[in-house]
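I wanted a few plain look-ups, written down as I went.

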Amino acid sequence: MLEHSLLYPLNTETRTALKLDGMWRFALDWNSEGDEKGWKDHIPGRDTIPVPASFQDFYTDKRIREFTGDMWYETDIVVPSFFKGSSVFLRFGAATHRAVVYINGEEVTRHEGGFLPFLADITEKARYGETNRIVVKINNELNETNIPCGLTITLSDGRKMVKPYFDFYNYSGLQRSVYLLALPHDSIEDIDLSYSVSEKEAAITYSVRTRGSGVVALSLSDESGREVASADGSEGVIHVKNPHLWQVGNGYLYTLKAMLRSGSELLDAYELPIGIREVRIDGENILLNGSPVYLKGFGKHEDSDIVGRGFNIGVMKRDFELMKWIGANSFRTSHYPYDEEIYRMADREGVLIIDEVPAVGLFESLANFFDAGTGKGAKSFFSKPTIPQLLEAHMRALEEMIVRDKNHPSVIAWSLLNEPESTDPNSYPYFKALFDKALELDVQKRPRTFAMEVNSSPTKCKCFQLCDFIALNRYYGWYILGGNEIDEAQKRFRAEMDEWEALHLNKPFIFSEYGADTVPSEHKLPSVMWSQEYQVEVLEMLHSVFDSYSFVKGEQVWAFADFQTTEGLMRVNGNKKGIFTRQRQPKDAAFLLRKRWLSLPVDYKS
Ligand code: GCB
């Protein structure tokens, strides 16, 4: 069990959550001297930087943008005197990739993993009614003992540089909000919910974990604020007559208020927006409330101009509007769990999420997205001596993700890895451990999968049997037989699909990636690769294949928008497979998808 509660920070009758976002002091530790020189007490220099944001894209000096190593953040906060008597925490939405937190020069916590929240308990160390100095040391190096995987090399001038085994820029820093929390000592720590629904009645099985003393009471109200059910005790079942179900495109939310009481005294109160819905796989179908759904949507990134991977509330809103416009109903949080606000928005909008743990680059290659496709990177990744340590980090991230995200109705499935070397004979025990863990942790028993690259074929992949549904990343017409060979690509693709069909897996398949790089300025008739016309042609060809196989139950095109990657021969200032530009304007292919997706029924092929 995780050390602290990962409940989303809220103000309630009993809780205070103060956002500490804004300009923080900032220093890069070029000579790795911060520890020795006591930067935990005060960092040098006068530079300031926004939180939340990636640090990289503000600066005009390339050495700064590419900085690899320790970076230090600092801010001074007054911890209100009325917080005394509460349990007081700092809560970091994410610190990429690892962090050590100090208050008034004393270490309070450290955390490994750059995409999930963690808390620092400062109850004992905070000075109440006085100014406190918060210093955070963040390190953004990549290695093979933490996810995502990559290397850190040292250049001849002594500077460090990352070599990601993955295709997105190594944005880092305090990329999500930081909160100061005051919680009651007797408090609600976690809530688990599972649903069984019919049109007439829903049964919500609940379990509330608490800290300290007190008895639990629950109250469920509908969107108008009317109480529809209540319950007492930390475990039980709530029945709701004629429930308003949470549906695709219609994210009806109830509010579950959990209270902890001692006699008439309210010790703690927490409010959780919940959607009453059931997700299940039945044969080749993905069922939501018993009805089949066909997934239409995207693989995305948290990525935008200037703030990089920093949470950007305006970009979030625009992305959801674009998803509605184009007729999408789902996305995968490739290749890491996103900011919590995004799931809350998806809950309200009725958008389905495949939630992915940051396990990308488990395939040794200096350019995973390319070498993986050719098989060149296959070096028996799962036989490396670092594997036990990596698995530990991976399992911990998986646990943090499930604990954080399990109550979002939008989350319908877990993706446990992206494009790992699942052809390695040693991969199976590693995968098995993850799949078992996800099942054990999630009381809703959501379907599990991993996104498979092209070498993970029916004959070579050692792990696909573990998946509840199969998720394929396929680039026929791009990495495989592009341009004038597009007809060959289609034949090759159909041959692969015939092989899958022959296995009679009786499981749904989705395409978790497919697409083609497209530079928005390029138009050409007849088409050439990289032009807008070619992106349209590739998508049309691939869709015709999807449409021929009844067990294909979803398509999530790569990618929602163009995004930043490491520079190199394969990338034109980033990955250009976006259906939208990085500035969230449509390419021609967006109109093709809009036409297709608005006309495909939700239960297409059922
Ligand atoms: C993939 C990866 C994704 C890349 C994409 C590409 O298979 O999962 O991270 O960005 O291919 O565009 O090559």
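My entries below cover the ligand, the aromatic rings and the cysteines.

**Entry 1: the model**

I noted at the start that this is a predicted model.

**Entry 2: the ligand**

Which residues come nearest to the ligand? I found 14 residues around it, and D167, H335, E419, Y479 and K577 come nearest. I then sorted this shell by class. It has five nonpolar, four polar and five charged residues.

Next I looked up polar side-chain atoms facing oxygen atoms of the ligand. For Y479, an N or O atom of the side chain is 2.4 Å from a ligand oxygen. For N575, a polar side-chain atom lies 2.8 Å from an oxygen atom of the ligand. For R571, I wrote down 3.1 Å between a polar side-chain atom and a ligand oxygen.

How much of the ligand does the protein bury? Taken alone, the ligand exposes 320 Å², and the protein buries 98% of that.

**Entry 3: aromatic rings**

I searched the whole structure for aromatic pairs and got 41. One of them joins F331 and Y338. Their ring centres are 6.3 Å apart, with 15° between the planes. I call this pair stacked because its angle is under the 30 degrees that stacking requires.

Are these two residues buried or exposed? F331 is buried, with a relative accessible area of 1%. Y338 is buried too, also with a value of 1%.

I also checked for a wider group. F331 and Y338 belong to one aromatic cluster, together with F115, F166, F168, F320 and Y336.

**Entry 4: charges over rings**

I looked for charged side chains placed over rings. R63 has its charged end over the ring of W30, 5.1 Å from the ring centre. K300 lies over the face of F560, and here the distance to the ring centre is 4.6 Å.

**Entry 5: cysteines**

How many disulfides does the structure hold? I counted zero. I then took two cysteines in turn.

C149 is in no disulfide, and its nearest cysteine sulfur, that of C463, is 15 Å away. C149 counts as buried, at 0% relative accessibility.

C461 is in no disulfide either. Its nearest cysteine sulfur is again that of C463, at 5.4 Å. C461 is buried, with a relative accessible area of 7%.

Note on methods: Residues are numbered from 1 along each chain as its sequence is written. This is a predicted model: local features need pLDDT of at least 70, side-chain atom pairs count only at pLDDT 80 or more; totals for chains, interfaces and linings use all residues. Side-chain values use heavy atoms; hydrogens and water are left out. Rings of Phe, Tyr and Trp (its six-membered ring) pair if their centres lie within 6.5 Å; planes under 30 degrees apart count as stacked, over 60 as edge-to-face and the rest as tilted. Buried means under 20% relative accessible area, exposed over 50%, partly exposed in between (1.4 Å probe, protein chains only). A charge sits over a ring if NZ of Lys or CZ of Arg is within 6 Å of the ring centre and within 35 degrees of the ring normal. A residue is near a molecule or strand if one of its heavy atoms lies within 4 Å of it. A polar contact is a pair of N or O atoms within 3.5 Å; within protein, one must be able to donate a hydrogen and the other to accept it, and residues adjacent in sequence count only if both atoms are side-chain atoms. Accessible areas come from the Shrake-Rupley method with a 1.4 Å probe; for residues, only the protein chains shown count as cover. Ala, Val, Leu, Ile, Met, Phe, Trp, Tyr, Cys and Pro count as nonpolar, Asp, Glu, Lys and Arg as charged, and the others, Gly among them, as polar. A disulfide is a pair of cysteine sulfur atoms within 2.5 Å.
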